[in-house]
Amino acid sequence: MVRVTVPATSANMGSGYDSIGIALELYNIIEMEECDHIDISDKNGQLIPKDSRNLIYQCAKKVYDECGYNLNGLRIVEDCAIPQTRGLGSSSACTVAGIMGANEMLGEPLDRQAVIDLAATIEGHPDNSTPAILGGFCVALLENGHVHHVRVPVHSAIDFIVFIPDFKLSTEKARAALPKTIAHHDAVYNLARAALLAGSLTTGKLDNLDVATGDCLHQPYRFGLIENGEDIIQEAKELGALGAFISGAGPSIIAMVYKGDRDYAARAQALCAEKYPHWHAMQLRCDE
Ligand code: HSE
């Protein structure tokens, strides 16, 4: 039995659409071993396909196929803490678990770069899968099946509060809401902010984080799909967040907070309880 632990991830972080992501301390733990049929179980009662449509199985099979091995069947035991379809990288975690588990079972025919490339290619964007594999805060670019990436340390003064709703939003639907083309000034708006975000997160220049998470490429088109999403970003900032943004394709919202602000999580939880009963807030550290 091999065991793979994969963290939740938050992609985009506002300005870094399809190119910036961070791993968070919330994990899916997947055990798998070869057998003569498909046997998939789940310890937490999440709704998952238990046949060949299962994403972990499909990604494991892809590794076997690409490396020239035959996979007759697979036993998979899922212990998943990452909520599904909430913009916290749950499907990316399954993709990465399938690839890494199969690679380990086969004696690691794929090196780390090949694992990163395959995961991003399956996903279609690299900003969840790359930090899910490397941990930490990553800048990543997928081109012609290859991911150019760098992992950058996050300054120790920054913590993350995740606001999670009780409703789902599929990445497919959230991507379909985006325009096919954007204006030149919108590209410049995000380009400057994404670069500022990477530098400010690592150096701890906290006063840059609000402007650096600003975005006009995806969030304005997605707020209509996330009831109260824009209100929560505004209120998270009023509670003292350094910056706040839609996590990945949504619907979760993430607030970056100063670690010394020890009551922030309690204030965020009280806000949800009083005004947004379909949401709850939890504190998650960066997975380093
Ligand atoms: N960058 C992707 C998007 C992340 O915003 O659609 C999806 O998890």
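Predicted model: local features only at pLDDT ≥ 70, side-chain atom pairs only at ≥ 80, totals over all residues.
Reader: Where does UniProt place the feature "binding site"?

Author: The unreviewed UniProt entry places the feature at residues that include Pro83, Gln84, Thr85 and Ser90. Such annotations may be inferred rather than shown by experiment.

Reader: Where is threonine 85 found?

Author: Threonine 85 is in the loop that joins β4 (74-80) and α2 (90-105). Serine 90, by contrast, has its place in helix α2.

Reader: How do I read burial: is serine 90 buried or exposed?

Author: A residue is buried if 20 or more other C-beta atoms lie within 10 Å of its own, and exposed if 12 or fewer do. Serine 90 has 24 other C-beta atoms within 10 Å, so it is buried. Threonine 85 has 16 within 10 Å and is therefore partly exposed.

Reader: Which residues does threonine 85 touch, not counting those up to four places away in sequence?

Author: Threonine 85 touches Ser90, Lys168, Leu169 and Ser170. With neighbours within four places in sequence left aside, serine 90 is in contact with Ile82, Pro83, Gln84 and Thr85.

Reader: How many residues apart in sequence are glycine 136 and glutamate 288?

Author: Glycine 136 and glutamate 288 are 152 residues apart in sequence, yet their C-alpha atoms are 4.6 Å apart in space. Glycine 136 lies in the loop between α4 (129-134) and β5 (137-143). Beyond four places in sequence, its contacts include Ala23, Arg151, Cys286 and Glu288. Glycine 136 is partly exposed because 17 other C-beta atoms lie within 10 Å.

How values were computed:
Residues numbered from 1 in each chain as written. Helix = DSSP H or I, 4+ residues; strand = E, 2+ residues; numbered from the N terminus. Contact = placed C-beta atoms within 7 Å.
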